Amino acid sequence: MDVTTDFVRLLHVDDNPAITELTATYLEREDERISVTTATGAEAALDILATDEIDCVVSDYNMPGLNGIEFLEAVRREYPDLLFILFTGRGSEEIASEAISAGVSDYLQKGGGTDKYALLANRVGNAVQKRRNERARERDQAIITEATDAILVVGADATVQYATPSTEAVMGRAAADLRGTDASELIVPADRPRVMAEFAALVADPGGHRTVEFRHDRPDGTRIWIETRGRNLLDREPVDGIVIYGRDVTDRKERETELRRQSRIIEQAPIGITCSDPSREDNPLVYANAAFEALTGYEFEEIVGRNCRFLQGERTDPASVAAMRDAIDAREPITVDVWNYRKDGTEFWNQVTISPIEDDDGDITQFVGFQQSLPAETGDDQKSTRRDDDVD
Ligand SMILES: Cc1cc2nc3c(=O)[nH]c(=O)nc-3n(C[C@H](O)[C@H](O)[C@H](O)COP(=O)(O)O)c2cc1C
């Protein structure tokens, strides 16, 4: 059943075609959301149910072939949840109780006059709406129960009021064991003051949210990183609490730590390290480390966006420049010693290694350059030195 629309597809079953037609007309007039399909017997109705999407069956009791109760039993075998209203002129206690034990959803006596259609339309509308609401609730519940994030609802004092079953997978603690405990104890002591300060700010901010990361010691002894997003719904019934969504971000944290470690190595390396982007016009530098700034006297902002030839000058040997150009064009590594110039105009004998860097697909996405100043005397009697043999 489609819970997003309030359109009701009704199957009306009565052996008298004049009655099905009349009922269809009245019902559709009574409630424009109702669309009626008709069948003049149980067998034809079962065929329709096999092919069409039907929200509700309204059936007469007294019919040749299968009677209303037998039809209901046949429907229940295939469609245990389908709404089924028995709408009969022959009202008796006995039929009503049989219908109930066969799983009827509602039972209505036809009575005289046209009021009965208004009543029927009303009952159908209510029953379908109620069923749709139930389905929506079941769906919401299933989404929460099956969530991979841990979801906690805690009070303003951080006492756990509710926890989803997924807390067990994330934190290794059963939801039932968490209820009534102090949520702050899920945070390792070193992180607690920082997180609880955020929590206090969230408690003071109705409707607001905060994201915070902390470490958690699972009962099995493993320490994980949890990212939590809290939402203040203290004023929102029936939640009346702070809702906290938490997920294990240990892998991401470990990657971040590793990346920070690597970038510190590059940043603090004792030789100049630069990086260029060959996909951009004139292969400009996009990164330079602190040693490169110290070596050349230029600031980071003055370096990025420019081709590294800005270091060259009068004494730079055109043959070395050509060698670098050819190597870059050929996507090959090269090492050369060249005269370069600092920002203050002083020259230095620079040993430059340029190497292409491949991505996972084998495409060259950047060039890395290493710069190291050599004693000037070694360069004094040479215009440049080609050191291709130093590189594998
Ligand atoms: C990552 C990278 C670093 C470079 N570092 C230097 C350098 O320190 N000194 C230098 O003279 N040229 C350096 N070059 C070479 C120049 O940027 C340029 O490629 C060279 O001058 C040849 O090209 P051109 O003939 O267009 O100038 C570097 C190139 C790249 C890609």
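Start by selecting Asp220 and Arg218, whose side chains meet in a salt bridge, 3.7 Å from N to O; the term stands for a side-chain nitrogen of Lys or Arg within 4 Å of a carboxyl oxygen of Asp or Glu. Colour the two by accessibility: Asp220 is exposed at a relative accessible area of 54%, whereas Arg218 is buried at 19%. Here buried means under 20% relative accessible area, exposed over 50%, and partly exposed in between, using a 1.4 Å probe and protein chains only.

Before you move on, a word about the model: it is predicted, with local features needing pLDDT of at least 70 and side-chain atom pairs counting only at pLDDT 80 or more, while totals for chains, interfaces and linings use all residues. Residues are numbered from 1 along each chain as its sequence is written, and side-chain values use heavy atoms, with hydrogens and water left out.

The structure holds 26 salt bridges. For another one, pick Asp191 and Arg194, where the closest N and O atoms are 3.8 Å apart. Asp191 is buried, with 5% relative accessible area, and Arg194 is partly exposed at 41%.

Next, select Glu213 and Arg252, a salt bridge with an N to O distance of 2.2 Å. This pair links distant parts of the chain, 39 residues apart: Glu213 sits in strand β8 (residues 209–217) and Arg252 in helix α9 (residues 250–268). Helices (H or I, at least four residues) and strands (E, at least two) are DSSP runs, numbered from the N terminus. Arg252 is partly exposed, at 25% relative accessible area.

**The ligand**

Now centre the view on the ligand. The space that the ligand takes is the largest pocket. On a 1 Å grid over the protein atoms alone, a pocket is an open set of points with protein on both sides within 12 Å along at least five of seven lines; a molecule sits in one if more than half of its atoms lie within 2 Å of its grid points.

Show the shell of 21 residues around the ligand, the closest being Asn307, Arg309, Gln312, Arg325 and Asn340; a residue is near a molecule if one of its heavy atoms lies within 4 Å of it. Elements that each supply at least two residues of this shell are β11 (272–276), α12 (318–329), β13 (334–341), β14 (347–358) and β15 (364–374).

On Gln371, a side-chain N or O atom is 3.0 Å from a nitrogen atom of the ligand. The protein covers 92% of the 620 Å² of accessible area that the ligand has on its own, computed by the Shrake-Rupley method with a 1.4 Å probe.

**Backbone stops**

Go to the loop between β9 (223–233) and β10 (241–248), where you will find Pro238. The peptide bond from Glu237 to Pro238 is cis, with omega near -5°.

Then visit Ala158, in the loop between β6 (150–154) and β7 (160–163). Ala158 has phi near 75°, a positive value in a residue other than glycine, and is buried at 3% relative accessible area.

Finish at Arg331, in the loop between α12 and β13. Arg331 also has a positive phi, near 55°, and is partly exposed, with a relative accessible area of 39%.

Conventions: A polar contact is a pair of N or O atoms within 3.5 Å; within protein, one must be able to donate a hydrogen and the other to accept it, and residues adjacent in sequence count only if both atoms are side-chain atoms. On a 1 Å grid over the protein atoms alone, a cavity is a set of points where a 1.4 Å probe fits but cannot get out, and a pocket is an open set with protein on both sides within 12 Å along at least five of seven lines; lining residues have an atom within 4 Å of a point.
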